[in-house]
Amino acid sequence: MTLLISGVVGWSASIANDIVEGEDVVWREQLDLLLGALSALHIGGLQAEGAEIWRDPEGQFVWELLCHPAVIAYYERHYPFAPPLLLRAAGDGRLPDTYRSQWQAELEQEGFDAAYRQFLHLNARFISNDVIGYFIELLDGFYVFDTHIDEFRRVLEQPARLGGWLTRPDRWQLLEGMASFYEFALDLDQYLAALEFPMLRGHVWLHFAYWFGNGGARMEEVALWLQNAVAHAAEDESIDGAELGEALARLRAPQRYPLVLIEQTAEVLGPWLESSGVGEQLSAGSRSL
């Protein structure tokens with residue numbers, strides 16, 4: 001595990017260097033890669049025994065970028081993403097004792113390394129699959145193959161338009177990407193449901209939560225649309241529409257997989273709880289009990 005962590009910290013430093021060398025422009029794709037890599041490292045125990053990792057030159061370079069005011073605004077307000085808040089709190093020695101002790105206990109348990117490697121395989125599949133990549137860019141509001149998500153929605157809702165829409169090259173990859181995203185969601189839900197490590201389960205949920213509606217009001221709207229659109233993916237007989245809808249609902253709900261972790265780190269995660277809407281979801285859930 002130590003060699004894996006050291007290797008990815010070096011890779012993270014190279015991404016950070018690319019960002020800084022971009023003529024003062026923080027390229028979003030590279031920043032997302034960096035934050036995702038740091039999240040994956042945190043899940044594996046990057047800072048479980050302190051912040052020494054940030055004291056060598058490469059680590060210090062990454063740390064300074066993580067703490068840059070513009071980068072903080074990016075993941076706290078503009079595109080809410082929780083793991084960097086845990087990373088900063090760990091580096092600053094602000095993690096709650098109960099969280100640190102339970103996290104450390106899990107890291108030492110038999111079976112943790114195997115479960116973590118399962119996460120790494122899922123994560124690699126998510127970031128390396130081109131068609132999923134095109135589809136999540138669409139979900140995130142980008143134009144992909146001259147298509148915006150609003151147009152994609154209309155095409156799915158009016159199948160008579162599909163033939164004409166598909167005359168543009170490569171648009172079929174968005175349909176394939178949607179199916180691949182749904183398949184990934186089913187596998188992620190199954191993985192989280194089977195995990196016997198509450199901290200690991202919470203960390204992994206936070207790692208992917210943005211894409212399932214916990215990245216602010218716009219992503220919540222996208223997630224609701226994804227749930228409503230499952231019938232189109234279920235036309236492929238390999239996907240059970242009811243099962244998929246239930247999985248997406250579970251992946252959206254902070255009361256389900258990450259609750260133990262969120263309860264132990266609520267103060268640290270405060271900016272994300274507010275900007276992502278997750279805090280409001282949790283409050284609404286407690287009021288309904």
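**Helix packing and the nonpolar core**

Asparagine 123 is located in helix H7. In this predicted model, the residue has a relative accessible area of 10% and is therefore buried, the cut-off being 20%. Leaving out residues up to four places away in sequence, asparagine 123 touches Ala40, His207 and Phe208. Two of these partners, His207 and Phe208, are among the residues of helix H12 that meet H7.

On the H7 side, the residues taking part are Phe112, Ala115, Tyr116, Phe119, Asn123 and Phe126. On the H12 side, they are Leu200, Val204, His207 and Phe208.

Helix H7 (residues 112–128) also packs against H11, with axes that come within 11 Å and cross at roughly 170 degrees. This angle makes H7 roughly antiparallel to H11. In this pairing, Ala115, Gln118, Phe119, Leu122, Arg125 and Phe126 of H7 meet Phe181, Glu183, Phe184, Asp187, Leu188 and Tyr191 of H11.

Across the protein chain as a whole, there are 18 helices and 0 strands. The chain has 289 residues, and 51% of them are buried. Its accessible surface comes to about 13800 Å², with carbon and sulfur atoms supplying 51% of that area. Among contacts with a separation of 6 or more, 72% join residues 24 or more positions apart.

The largest nonpolar core contains 88 residues. Those touching the most other members are Phe181, Tyr182, Leu188, Phe212, Trp225, Leu269 and Trp272. Helix H11 (residues 172–194) supplies the largest share of this core, 10 residues. Phenylalanine 181 is in contact with Phe126, Ile132, Phe135, Ile136, Leu139, Trp211, Phe212 and Leu226, residues up to four places away in sequence not being counted. One of these contacts, Phe126, belongs to the H7 residues that meet H11.

Several partners of phenylalanine 181, including Ile132 and Phe135, are also listed among the buried residues of helix H8. The buried residues of H8 (residues 130–139) are Val131, Ile132, Phe135, Ile136, Leu138 and Leu139. Viewed down the axis of H8, these residues fall within an arc of 150 degrees, so they line one face of the helix. The cover over the buried residues of H8 includes H7, helix H9 (149–157), H11 and helix H13 (217–228).

In general, an α-helix has 3.6 residues a turn, so residues three or four places apart point the same way.

The loop between H8 and H9 contains phenylalanine 145, and aspartate 146 is placed in that loop too. Most residues other than glycine have a negative phi. Phenylalanine 145, which is not a glycine, has a positive phi of about 50 degrees. Aspartate 146, likewise a residue other than glycine, has a positive phi near 60 degrees. With a relative accessibility of 54%, aspartate 146 counts as exposed, since the cut-off for that class is over 50%.

Two further helical positions were examined. Alanine 242 is part of helix H15 (residues 241–252). Its relative accessible area is 51%, and alanine 242 is therefore exposed. Along the chain, alanine 242 and valine 230 are 12 residues apart, and their C-alpha atoms are separated by 8.3 Å.

Glutamine 281 lies in helix H18 (residues 278–288). Its relative accessibility of 18% is under the 20% cut-off, so glutamine 281 counts as buried. With neighbours within four places in sequence left aside, the contacts of glutamine 281 are Asn214, Arg252, Pro254 and Gln255.

Methods:
Residues numbered from 1 in each chain as written. Predicted model: local features only at pLDDT ≥ 70, side-chain atom pairs only at ≥ 80, totals over all residues. Heavy atoms only, no water. Helix = DSSP H or I, 4+ residues; strand = E, 2+ residues; numbered from the N terminus. Buried < 20%, exposed > 50% of the residue type's maximum accessible area, 1.4 Å probe, protein only. Contact = heavy atoms within 4.5 Å. Areas by Shrake-Rupley, 256 points an atom, 1.4 Å probe, with all protein chains shown as cover. Core = buried A, V, L, I, M, F, W, Y, C linked by side-chain atoms within 4.5 Å. Axes fitted to C-alpha atoms, helices over the stretch in contact; angles between N-to-C directions. Parallel < 35°, antiparallel > 145°, perpendicular 65-115°, else oblique. Arc of directions from axis to C-beta.
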